[in-house]
Amino acid sequence: MSNSNQTFNLGSVEKIPLGQGRCYLVGTEEIAVFRQRDGRLFATQSRCPHKQGPLAEGIVGGGKVICPLHAHKFDLQSGTGSETGECVKVFAVCELRGELLLSL
Ligand code: FES
C-alpha cells in the first residue's frame, strides 16, 4: 500500500460496457478497470504478469479476470493469480454520481 494516495476521476462509468474492462492511463500507470455485470468495479495493473497480456480485454466475472492470451486467472479483489508466483497490483475504484474514482 502506498502512503501517498491520490484520487483520479476517470470520467463516466458508462464508458465501460457492463461485463467488460477498459484500459486507462493514469499518470504514468496503465490501469485496467473492470465493470462486472452486477455493477461491481475493480481495478488492476493493465498488463498480465505472465507475458504482458492486456487484462482489460479479458473475460471478467465472478470477481476474476481471465487473461486473453493464455487464460491465467486473477482475483480482482486480492490480485492473486491462478499460477504460482503470479499476481497483479489492485487499486481502489468506486463510482460517485456516475463518475469513476480511482485511488493510486
Ligand atoms: S500473458 Fe496473460 S496468461 Fe500469458
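Guide: Ala43 has Phe91 of β8 standing opposite. This is a predicted model. The strands involved, β4 and β8, are antiparallel and pair over 2 bridges. Beyond its neighbours within four places in sequence, Ala43 is in contact with Val90, Phe91 and Val93, and also with Ile31, Ala32, Val33 and Leu102.

Now to β3. The strands β3 and β4 run antiparallel and are joined by 5 bridges. Among the bridge partners, Thr44 in β4 goes with Ala32, and Phe42 in β4 goes with Phe34. The hairpin formed by β3 and β4 has 5 residues between its strands, and there Gly39 adopts a positive phi near 90 degrees.

These contacts belong to a wider picture. The largest nonpolar core contains 22 residues, and Ala43 is one of those with the most contacts inside it, along with Ile31, Ala32, Val33, Phe34, Val93 and Leu102. Two or more residues of this core come from each of β3 (29–35), β4 (41–45), β8 (90–96) and β9 (99–103); β3 gives the most, with 4 residues. Nonpolar side chains tend to be buried together in soluble globular proteins.

As for the sheet, 6 strands make up an open, antiparallel arrangement in the order β1-β9-β8-β4-β3-β2. At the edges are β1 (7–12) and β2 (20–26); each has a single partner strand, so one side of each has no neighbour in the sheet. On average, neighbouring strands of this sheet are turned by 30 degrees against each other, direction ignored.

Key: Residues are numbered from 1 along each chain as its sequence is written. This is a predicted model: local features need pLDDT of at least 70, side-chain atom pairs count only at pLDDT 80 or more; totals for chains, interfaces and linings use all residues. A nonpolar core is a set of buried Ala, Val, Leu, Ile, Met, Phe, Trp, Tyr and Cys residues joined through C-beta atoms within 7 Å. A residue is buried if 20 or more other C-beta atoms lie within 10 Å of its own, exposed if 12 or fewer, and partly exposed in between; C-beta atoms are placed from the backbone. Two residues are in contact if their C-beta atoms, placed from the backbone, lie within 7 Å. Two strands pair if DSSP finds at least two bridges between them. Axes are lines fitted to C-alpha atoms, for helices over the stretch in contact, and angles run from 0 to 180 degrees between N-to-C directions.
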